[in-house]
Amino acid sequence: MAIHEIRKYPDPVLKAKTGRVDRFDESLERLIKDMIETMYAAAGVGLAANQIGVPLQLAVIDISSREEGGPKHPVIVLINPEILEQKGSVVADEGCLSIPDFSESVKRSAWVKVRALDRAGKPFEIEGEGLLAKALQHEIDHLNGLLFVDRLSPLKKNIFRRRWKKAMAETA
Ligand code: NI
């Protein structure tokens, strides 16, 4: 297994369209294991394949480190996922491993039901609210080339761009 470099905004791979996974072989299994290891190494709760430069519809989520009273959700592997249903709306703080040192409140559905394939290619459905709903929507957005900053109001988007430019100027 290997830890991969996480691509950072504004890397174009984060905006590119991802392709469906249609081969469930050893190389896919290796990629999934690498993604899980990379997510843990970065202390993230989710990672999409395009964040390590692989434009495939594949994401991993593990919110167990943030769950109170012991983990209820083991690591989730989402392949070719789609949102089937969504309800309500909630505004909560969000961040992303591809946009370090920036978080902002984002409006999302409060509950979602998602259909995906598991690592063996078997279809399954998962539904969730709270952090799980947020993570599911955030990762599926990644696979559609969307970052959480794309969902901010024009005003907050400007704040983000200004802060990002400043950070770039400081590290240059
Ligand atoms: Ni992210």
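Biologist: Before we start, what should I know about how residues and values are handled here?
Modeller: Residues are numbered from 1 along each chain as its sequence is written, and side-chain values use heavy atoms, with hydrogens and water left out. This is a predicted model, so local features need pLDDT of at least 70, side-chain atom pairs count only at pLDDT 80 or more, and totals for chains, interfaces and linings use all residues.

Biologist: Which protein donors does the nickel ion have?
Modeller: Donors are N, O and S atoms within 2.8 Å of the metal (3.2 Å for Na, K and Ca), and water is not among the atoms, so sites may look incomplete. The donors follow the spacing C-x41-H-x3-H along the chain. At 2.1 to 2.3 Å from the nickel ion, they are Cys 96 (SG), His 138 (NE2) and His 142 (NE2).

Biologist: How many residues apart in sequence are the parts that Cys 96 and His 142 tie together?
Modeller: Helices (H or I, at least four residues) and strands (E, at least two) are DSSP runs, numbered from the N terminus. Cys 96 sits in strand β4 (residues 90-96) and His 142 in helix α2 (residues 130-143), so the pair links parts whose separation in sequence is 46 residues.

Biologist: Is Cys 96 buried or exposed, and what is its relative accessible area?
Modeller: Buried means under 20% relative accessible area, exposed over 50%, and partly exposed in between (1.4 Å probe, protein chains only). His 142 counts as buried at 1%. Cys 96 is buried too, and its relative accessible area is 10%.

Biologist: Which side chains make polar contacts with the side chain of Glu 94?
Modeller: Glu 94 is in strand β4 and is buried, at 4% relative accessible area. A polar contact is a pair of N or O atoms within 3.5 Å; within protein, one must be able to donate a hydrogen and the other to accept it, and residues adjacent in sequence count only if both atoms are side-chain atoms. The partners are Arg 108, at 2.7 Å, and the nickel donor His 138, at 2.9 Å.

Biologist: Which element gives the largest share of the lining of the largest pocket?
Modeller: On a 1 Å grid over the protein atoms alone, a pocket is an open set of points where a 1.4 Å probe fits, with protein on both sides within 12 Å along at least five of seven lines; lining residues have an atom within 4 Å of a point. Its volume is about 290 Å³, meaning the space filled by probe spheres set on the points, which are joined across faces, edges and corners. The lining has 16 residues, and Val 45, Gly 46, Arg 66, Gly 95 and Cys 96 lie nearest the centre. The largest share, six residues, comes from α2.

Biologist: How many residues of α2 are buried?
Modeller: Helix α2 has 14 residues and reaches 21 Å from its first C-alpha to its last, close to the expected 20 Å, where the expected span is 1.5 Å times one less than the number of residues. The helix is mostly covered, and the buried count is twelve.

Biologist: What covers the buried residues of α1?
Modeller: Helix α1 (residues 26-41) should span 22 Å, and its end C-alpha atoms are 22 Å apart, which agrees. Its buried residues include Leu 28, Leu 31 and Met 35. What covers the buried residues includes β1 (46-48), β2 (58-61) and β3 (76-87).

Biologist: How far apart in space are Val 112 and Lys 134?
Modeller: Val 112 lies in strand β6 (residues 111-117) and is buried at 0% relative accessibility. Among the residues Val 112 touches are Ala 133 and Leu 136, with contact meaning heavy atoms within 4.5 Å. Val 112 and Lys 134 are 22 residues apart in sequence, but C-alpha to C-alpha they are 8.8 Å apart.

Biologist: Which residues does the cis peptide bond join?
Modeller: Most residues other than glycine have a negative phi, and most peptide bonds are trans. Asn 80 has a positive phi of about 45° and is buried, whereas Asp 101, with phi near 60°, is exposed at 79%. As for the cis bond, omega is about 5°, and the residues joined are Tyr 9 and Pro 10.

How values were computed. Lists of a residue's contacts leave out its neighbours within four places in sequence.
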